[in-house]
Amino acid sequence: MAALAPLPPLPAQFKSIQHHLRTAQEHDKRDPVVAYYCRLYAMQTGMKIDSKTPECRKFLSKLMDQLEALKKQLGDNEAVTQEIVGCAHLENYALKMFLYADNEDRAGRFHKNMIKSFYTASLLIDVITVFGELTDENVKHRKYARWKATYIHNCLKNGETPQAGPVGIEEENDVEENEDVGATSLPTQPPQPSSAYDPSNLAPGSYSGIQIPPGAHAPANTPAEVPHSTGVTSNAVQPSPQTVPAAPAVDPDLYTASQGDIRLTPEDFARAQKYCKYAGSALQYEDVGTAVQNLQKALRLLTTGRE
């Protein structure tokens with residue numbers, strides 16, 4: 001991938017997007033799609049902050065040049081040309097980073113890479129907003145990951161042993177203001193979630209008044225191990241062939257359901273589309289059971305107006 005023209009110095013007004021831009025640079029070779037959307041988020045956010053000051057206009061202009069160059073290099077990549085594919089790609093990548101850090105945290109393995117993974121996951125959830133409003137799950141993930149990154153960083157910095165797993169969130173300094181956390185280098189290889197990850201074995205906890213039942217920190221019906229979207233070169237280890245589990249029986253009520261006088265709202269269509277997207281992600285990992293469950297949910301919603 002051709003190198004991008006460097007950006008001018010970051011204006012002080014754009015301090016809030018400095019780590020998103022750094023994440024973009026770190027992913028230029030690892031995952032160009034992630035790099036593209038990180039810059040797009042920074043561009044959109046920067047325009048809202050200040051698009052009139054000369055130094056800000058110059059910076060945004062150069063950032064736009066990078067975006068155009070990236071888009072040209074990615075060509076017909078569906079993760080860039082189709083929003084739903086791009087959104088799924090980012091969500092899956094952020095989830096992978098989150099699960100890696102969460103598994104390390106729950107195992108009591110506290111180190112810079114897991115702190116960085118928590119923090120990067122929170123930044124990528126910020127980036128998902130380029131596609132629209134975040135789901136409740138993503139909002140919880142972002143808050144939890146950002147707090148965990150700060151909490152563990154501060155514990156290690158002060159020579160204390162962090163408490164593993166979900167604990168009560170305390171009022172800490174905003175992690176975005178913590179240069180040490182943001183500057184931590186990424187692992188040489190993208191972190192791979194543990195194959196032994198089982199949400200049903202996770203201990204319950206709570207933070208900021210939000211109760212976290214076992215496994216609730218991960219989006220429902222999303223594979224624990226998430227592959228990269230097709231068409232994007234990555235150093236990630238591809239999952240080995242596995243035995244495909246038997247699909248669950250299809251609910252017979254869905255065969256006889258009739259739309260009749262059902263009036264579906266735009267939100268209903270959006271939720272059904274989300275279920276279909278999760279089913280597609282599951283099929284990429286050959287998770288037939290999860291795919292069928294999500295497709296059943298989409299079909300039930302479309303035919304009955306209920307989930």
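Reader: Among contacts between residues at least 6 apart in sequence, what share in this protein joins residues at least 24 apart?

Author: Start with the cut-off: a contact means heavy atoms within 4.5 Å. Counted that way, 74% of the protein's contacts between residues at least 6 apart join residues at least 24 apart. Keep in mind that this is a predicted model, where local features need pLDDT of at least 70 and side-chain atom pairs count only at pLDDT 80 or more, while totals for chains, interfaces and linings use all residues. Residues are numbered from 1 along each chain as its sequence is written, and side-chain values use heavy atoms, with hydrogens and water left out.

Reader: How many helices and strands are there?

Author: Helices (H or I, at least four residues) and strands (E, at least two) are DSSP runs numbered from the N terminus. Here you get eleven helices and two strands. Reading from the N terminus, the order is α-α-α-α-α-α-α-α-β-β-α-α-α.

Reader: And what percentage of the residues is buried?

Author: Buried is under 20% relative accessible area, exposed is over 50%, and partly exposed is in between, using a 1.4 Å probe and protein chains only. Of the 307 residues in the protein, 48% are buried. As for the surface, areas come from the Shrake-Rupley method with a 1.4 Å probe, and for residues only the protein chains shown count as cover. The protein exposes about 15600 Å², with 51% of it supplied by carbon and sulfur atoms.

Reader: Let's zoom in on two helices. At what angle do α2 and α6 cross?

Author: Axes are lines fitted to C-alpha atoms, for helices over the stretch in contact, and angles run from 0 to 180 degrees between N-to-C directions. The axes of α2 (residues 32–49) and α6 (residues 112–127) come within 9 Å and cross at roughly 65°. On α2, Val34, Tyr37, Cys38 and Tyr41 make the contact, and on α6 the partners are Leu124, Asp126 and Val127.

Reader: What classes do those contact residues fall into?

Author: Ala, Val, Leu, Ile, Met, Phe, Trp, Tyr, Cys and Pro count as nonpolar, Asp, Glu, Lys and Arg as charged, and the others, Gly among them, as polar. The α2 contact with α6 has six nonpolar residues, no polar ones and one charged.

Reader: Is the crossing left-handed or right-handed?

Author: A crossing is left-handed if the near helix is turned anticlockwise from the far one by less than a right angle, and right-handed if clockwise. This one, α2 on α6, is left-handed.

Reader: Why call α6 largely enclosed?

Author: Because 14 of its 16 residues are buried, α6 is largely enclosed by the rest of the structure. For α2, 14 of 18 residues are buried, so α2 is largely enclosed too. Still, Gln44 sits in α2 and counts as partly exposed, at 34% relative accessibility.

Reader: How far does α2 reach, C-alpha to C-alpha?

Author: The expected span is 1.5 Å times one less than the number of residues. α2 reaches 25 Å from its first C-alpha to its last, close to the 26 Å expected. α6 reaches 22 Å, close to the 22 Å expected. For α11 (residues 288–304), the 17 residues should span 24 Å, and the end C-alpha atoms are 24 Å apart, which agrees.

Reader: What follows α11?

Author: Gly305, whose phi is positive, near 80°. Within α11, the buried residues include Val292, Asn294, Ala298 and Leu301. Leu302 is also found in α11, but Leu302 counts as partly exposed at 27% relative accessibility. Leu302 and Arg263 are 39 residues apart in sequence and 9.4 Å apart in space, C-alpha to C-alpha.
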